[in-house]
Amino acid sequence: MQEAMIARAKELLADGSVSRVMGWKKGEFSYDISPAVFENADQLVDFVYDDFCGANVSKYLINESKKEGKILAFLKPCDSYSFAQLLKEHRIDREKVYVIGIPSYGKADINKIRAKGIDGVLGIKSEGTDFIVDTIYGEEKIAKFEAMSERCLTCKSKKHVDVDEMMGEEGEWNAESKRFDKVAELEAMTPDERFEFWRGELSRCIRCNACRNVCPACTCVSCVFDNPNSDINNKAAASSFEENMFHIIRAFHVAGRCTDCGECSRVCPQNIPLHLLNRKFIKDINELYGQYQAGANADEKYPMVNFTFDDCEPGIVYKRGGNQ
Amino acid sequence: MQRIGVFVCHCGTNIAATVDVKKVAETLLQEPGVVYATDYQYMCSEAGQNMIKDAIKAQNLTGVVICSCSPRMHEATFRKAVAAVGMNPYMLEVANIREQCSWIHKNIEEATEKAIILGRAAVAKVHLNAPLIAGQTPVTKRALVIGGGIAGIQCALDIADAGYQVDIVEKEPTVGGKMTKIDKTFPTLDCSSCILTPKMVDVAQNENIKIYSYSEVESVKGFVGNFTVGIKRKARYVKEDICTGCGLCTEKCPQKKVPNDYNLGLDTKRAIYIPFAQAVPKVATIDADYCTMLKTGKCGVCSKICTAGAIDYTQQDEHLEEQYGAIVVATGYNPIKLDAFDEFAYSQSPDVVTSLEFERLMSASGPNGGHLVRPSDHKEPKTIVFVQCVGSRSTVECGKPYCSKICCMYTCKHAMLCREKYPDTEVYVFYIDVRTPGKNYDEFYRRAVEEYDVHYIKGMVGKVCPEGDKLKVQASDLLTNEQLHIDADMVVLAAAIEADKSARPLATLLTASMDTNDFFTEAHAKLRPVESPTAGVFLAGCAQGPKDIPETVTQAGACASKVIGLLAKDHLVGNPCVAHSDEMMCNGCSTCANVCPYGAITYETKDFSRRKDGTLMRRVASVNPAVCQGCGCCTVACPSGAMDLYGFSTKQIMSEVDAICK
Ligand SMILES: Cc1cc2nc3c(=O)[nH]c(=O)nc-3n(C[C@H](O)[C@H](O)[C@H](O)COP(=O)(O)OP(=O)(O)OC[C@H]3O[C@@H](n4cnc5c(N)ncnc54)[C@H](O)[C@@H]3O)c2cc1C
Ligand code: SF4
Ligand code: SF4
Ligand code: SF4
Ligand code: SF4
Ligand code: SF4
């Protein structure tokens, strides 16, 4: 796949359709992959696409599409939802991006691989239901369901939203996804248990802002947390409860716009399951306003900024026991 | 640092009985920036206002806090007072220590503490207040009346009489509304057409009035004084300016099987029709659902008959946009559908009719020229049973909870007219209560009972069964506690009336509020009964609630006077407390525009290039201050906090919250 992608990128660069390429390149370690922009064909030697390329590149296209010339972007299905959501919010100039959809069969989570005692990782390959991990000690085999990231195990869609061209097979929306199971578990807790659960998770937050910075829904020119007029901009928290407020505010800000790409949880150095907060919102929106997937439809107003006569009454909060 | 003066009002004993006003003043004097604090019996009185003015001058105050009743009551009064001595009116804040404090607490200590906290919050806000200057917007000196019933007609005539232009948008081919269908009118029994027709003619001939008949309002943009309204003129397939109203086409059209809605479907009309002789405008209309030419392309009889050449089968709906300063809603009512009231056999027998159908049966312009016969066999009915409150004052789902108000009187009218014209008919009226307040109304009712021998029976009809050519009526007489069985020839149901079905979507277009029954709500039930809470939108007739003709006309006149008051102004002073977006922080994400109920937000792509980063074009929000109503929806929806409201900035509100939580 990687070679075919490089070849296609070279073609498009050569015939002048695009002047840059958005993709991924390795960092210090093979699993340490970051999104990268390649300015010409020669730079594409560093282009990688493998099972560590989980990073969502859509957010980078905001700035890239403001520059001169068109950029080629390879988007995985989940990236394409973020891309379409950003289009809806007028953040990306669609004309300036050439989108090639690429399939994704689930990306590996380095933490899970390490937890299996596999170290010195050099590279990764997919073979049927297994990953073959190349290490300095030789090849190791690990079942995919044990090494895949949580978001890939509960993948919502293998189908892209808005692409100019597909490479490889186009997939389907996955109606069977179990992505709300864990949320349902949390819902079943008593308010006190739930509070304890979240206090436990969120109290580990070091407020590095990685979750916000990676989030394709958090694209504000100037984030409220950086705005001295907002009264919530303090970086050094006066109490740990303020950190919780950071996450609650952020969850509200991305409610109805979060595509459930899972980047926030992926980048969190403290392994806080942030996606559960967002999934709770998504689940609620689905239940209260009807099925809604952010990014799936570029024209639709999202339920949080829309009003219809069928909307639930605010009293629903009480009916669901929200006044306890 | 501001120099703030605090003025605590006793409101007689309204506040002072539960709040220790002296203590409130003394405590607030300790707040930073407060240089003067006092209390007085009636702050809103002239003496009270002078106290404020004098203190501003003597103490060199830069801000004022009044602890009194709700700002809805007297904020304007106090703003005027401070402005009179040169202070910007937006440097004043009102802390509501009456409705939100003294009236809802009993314990003096608690209430006093709360009053102090509320005052402290207001002081905190004033510290961040800045002078604001209200903009002015011009007023378009033309009114739109939606609905051309008697309410719309009267209102339009009164506005036009004052010299302003008025357009009437009526969805039917003619104006006139329900009054055109009514035979005689209570309590004087003069003929409805005779009193309505001259008004319809006046409307047609008035130079200041333009009628858009067979038209609907499609869109409403703008705000008080400056509405832009999209009007759809439905294709009537007849050129309105050419048709002379001769009616030849309506006699020759071969398609005769079209239900005649003027007679409520009791007879038929042709596919091309003029609703009735006095219609305004008197032009023909083709019913596209029935016209053979429009459906199959074959026929064309009317175009051959019409010597004027008015028929145009290719006519399309026309869409136009007009500017208005004020909008009157006069969309009236309709009787409810009776399909759900099976017990009265309405859908089983043609001889069970609604009261409005009965009006047509009695009317000289009705299906039988005014000779009352049964629709089924055209025989004169000898026994007629009237049932009041069908669907009114009802607790079941298919009914309406309210009293339709007019049914007692018109049923009385019907009963009396039957006995008068056909003295050998037996007439029964079943009622729950007879409600006849109003000038000469109870006298009217008593005449029906005493002079015309109408049998008024307190009780409800349980069931009507068509059997042979009779209608078996089972009912109970609650006063004698008897079961009654009446063999009736006709049953007349006084169906509840409800708001027109088009009213709800129209309210959404106008952002005007409605009650749960889809009647438009007034700005104040008692003190502002003809204004909607949406500035520039006024209410007349049954669109606001059930009422009879005299009441409708009175309300329409009142409504016209409010409209004239608005149109007489050259400018409206705007509200300076409007939203504004900080373009350095704005994402251009459209969240704000999505939530703005008034369409006040638009987007521009602006150049934010800096030498260091090269060109940078960004889409940013911009608020039209003349359209913005300061509702604040956008400021809370904006993720980045770029949107803020003058006079209610996030900082001001947070400082109030902080002061309260201190
Ligand atoms: C059986 C019966 C008998 C009655 N007898 C009497 C009586 O004897 N004396 C008396 O005082 N009162 C009587 N009334 C009451 C009387 O009919 C009303 O008081 C009066 O008609 C109210 O006038 P209006 O203009 O508010 O409404 P309407 O007469 O209903 O007029 C509303 C007009 O608005 C139009 N319209 C509605 N929606 C729209 C829209 N979205 N866009 C454009 N146009 C629209 C309608 O087509 C209609 O022309 C009687 C009522 C009934 C049902
Ligand atoms: S909140 Fe997390 S899952 Fe949602 S869009 Fe942002 S990064 Fe993706
Ligand atoms: S947290 Fe809110 S303000 Fe900050 S970037 Fe995310 S959406 Fe924007
Ligand atoms: S990435 Fe994790 S640690 Fe960093 S701010 Fe977000 S939740 Fe906190
Ligand atoms: S405050 Fe905001 S949402 Fe409200 S009217 Fe003004 S611009 Fe629209
Ligand atoms: S919601 Fe805020 S950031 Fe988005 S367009 Fe409006 S002002 Fe700008």
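Strand E12 (residues 226-233) of chain B is mostly covered, since seven of its eight residues are buried, where buried means under 20% relative accessible area, exposed means over 50% and partly exposed lies in between, with a 1.4 Å probe and protein chains only. The model is a predicted one, in which local features need pLDDT of at least 70 and side-chain atom pairs count only at pLDDT 80 or more, while totals for chains, interfaces and linings use all residues. Residues are numbered from 1 along each chain as its sequence is written, chains are lettered from A and ligands numbered from 1 in the order in which they are written, and side-chain values use heavy atoms, with hydrogens and water left out.

**Strand E12 and its partners**

- Helices (H or I, at least four residues) and strands (E, at least two) are DSSP runs numbered from the N terminus, and two strands pair if DSSP finds at least two bridges between them.
- Strand E11 (residues 215-223) of chain B pairs with E12(B) in the antiparallel sense over eight bridges, and within this pairing Phe223(B) stands opposite Asn226(B).
- E11(B) and E12(B) form a hairpin with two residues between them, and in the turn Gly225(B) has a positive phi of about 85°.
- E12(B) also pairs in the antiparallel sense with strand E17 (residues 318-324) of chain B, over seven bridges, and here Val229(B) has Glu322(B) as its bridge partner.

**A parallel sheet and a helix across it**

- In chain B, an open sheet is formed by five strands in the order E20-E27-E21-E22-E23, with parallel pairing.
- Strand E20 (352-354) and strand E23 (455-458) of chain B each have a single partner strand, so they stand at the edges, and one side of each is left without a neighbour in the sheet.
- Neighbouring strands of this sheet are turned by 20° against each other on average, direction ignored.
- Within the sheet, strand E21 (residues 383-390) and strand E27 (residues 490-495) of chain B are joined in the parallel sense over five bridges, and Val385(B) stands opposite Val491(B) in E27(B).
- Helix H11 (residues 355-362) of chain B lies across E20, E21 and E27 of chain B and runs at about 95° to E20(B); axes are lines fitted to C-alpha atoms, for helices over the stretch in contact, and angles run from 0 to 180 degrees between N-to-C directions.

- Glu31(B) sits in the loop between helix H1 (21-29) and strand E2 (34-40) of chain B, and it counts as buried because its relative accessibility is 15%.
- Leaving aside neighbours within four places in sequence, Glu31(B) is in contact (heavy atoms within 4.5 Å) with Arg120(B), Val123(B) and Lys662(B).
- Glu31(B) and Gly119(B) are 88 residues apart in sequence, with 9.8 Å between their C-alpha atoms.
- Arg79(B), which is found in helix H3 (residues 71-84) of chain B, is buried with a relative accessible area of 18%, and, not counting residues up to four places away in sequence, Arg79(B) touches Pro89(B), Tyr90(B) and Leu92(B).

**Chain B as a whole**

- Chain B holds 18 helices and 34 strands, and its C-alpha atoms fill a box of roughly 90 × 70 × 40 Å, taken along the principal axes.
- Of the 662 residues in chain B, 52% are buried.
- Among the contacts in chain B with a separation of 6 or more, 68% are between residues 24 or more positions apart.
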